[in-house]
Amino acid sequence: MSSQYIFALIAVAVGGACISTQAPINARLGSHAGDPVVAAAISFIVGAIVLSIIVVLRGAVPSVGQVAAAPWWAWVGGALGAVYVWAAVWSVGTLGVVTLVAALIFGQLAAALVLDAIGAFGLQVREVSWTRIAAIGLVAAGLVLSRI
């Protein structure tokens, strides 16, 4: 494995740890704000501020024309993230972090299998194999086991 591949795996694992940590933190914010939607909005505002500072510091501010040239569906990512953050804030108190993350990963893998199979959004088409289906099945089993 290349060092770039290993670094990518580490970065994604750290991102996963952030997701697990984000849900209970945002849930606590929601309990103080009185509404999980408000907590999700605050989370996005803080995230947008942090990312905006990083973009400016890196000198990576694109022109309006560059961003406007993106296809319409490229603008949906923020809305999809908002659904995730709201769902996590709303459900972590009921499910607990392990079950929340297991359900999150199950949903991600099921959608990923379809996206890979059809080559969605310009991705390379990847076959639906029995090993990939088994991987999703094992995550589903883990989801069930997390609640027993």
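Contact here means heavy atoms within 4.5 Å. The model is predicted, so local features need pLDDT of at least 70 and side-chain atom pairs 80 or more, while totals for chains, interfaces and linings use all residues. Residues are numbered from 1 along each chain as its sequence is written, and side-chain values use heavy atoms, without hydrogens and water.

Q: With which residues is Tyr84 in contact, leaving aside neighbours within four places in sequence?
A: Tyr84 lies in helix 4, residues 77-95. Leaving aside neighbours within four places in sequence, the partners of Tyr84 are Ile19, Gln22 and Leu104.

Q: What fold pattern does the protein follow along the sequence?
A: There are six helices and zero strands. Read along the sequence, the pattern is α-α-α-α-α-α.

Q: What share of the contacts with a separation of 6 or more joins residues 24 or more positions apart?
A: The C-alpha trace spans about 50 × 45 × 30 Å along its principal axes. Among contacts with a separation of 6 or more, the share from residues 24 or more positions apart is 59%.

Q: How many nonpolar residues are in the contact of helix 1 with helix 5?
A: Ile19, Ser20, Ala23 and Pro24 of helix 1 meet Val97, Leu100, Val101 and Leu104 of helix 5. This contact has no charged residues, one polar, and nonpolar residues numbering seven. (Ala, Val, Leu, Ile, Met, Phe, Trp, Tyr, Cys and Pro count as nonpolar, Asp, Glu, Lys and Arg as charged, the others, Gly among them, as polar.) The nonpolar count is seven.

Q: What is the orientation of helix 2 to helix 4?
A: Helix 2, residues 36-58, packs on helix 4 at about 130°, with axes 9 Å apart. The pair is therefore oblique.

Q: How many nonpolar residues does the contact of helix 2 with helix 4 hold?
A: Helix 2 brings Pro36, Val37, Ala39, Ala40, Ser43 and Phe44. Helix 4 brings Gly78, Gly81, Ala82, Val85, Trp86, Val89 and Trp90. Three of the contact residues are polar and none charged, and the nonpolar number 10.

Q: Which residue makes a side-chain polar contact with Thr99?
A: Thr99, in helix 5, is buried at 6% relative accessibility. (Buried is under 20%, exposed over 50%, partly exposed in between, with a 1.4 Å probe and protein chains only.) Beyond neighbours within four places, Thr99 is in contact with Leu143, Ser146 and Arg147. At 2.8 Å, the side-chain polar partner is Ser146.

Q: Is Gly122 buried or exposed?
A: Gly122 sits in the loop between helix 5 and helix 6. Its relative accessible area is 75%, so Gly122 is exposed.

How values were computed: Helix = DSSP H or I, 4+ residues; strand = E, 2+ residues; numbered from the N terminus. Polar contact = N/O pair within 3.5 Å; in protein donor to acceptor, adjacent residues only side chain to side chain. Axes fitted to C-alpha atoms, helices over the stretch in contact; angles between N-to-C directions. Parallel < 35°, antiparallel > 145°, perpendicular 65-115°, else oblique.
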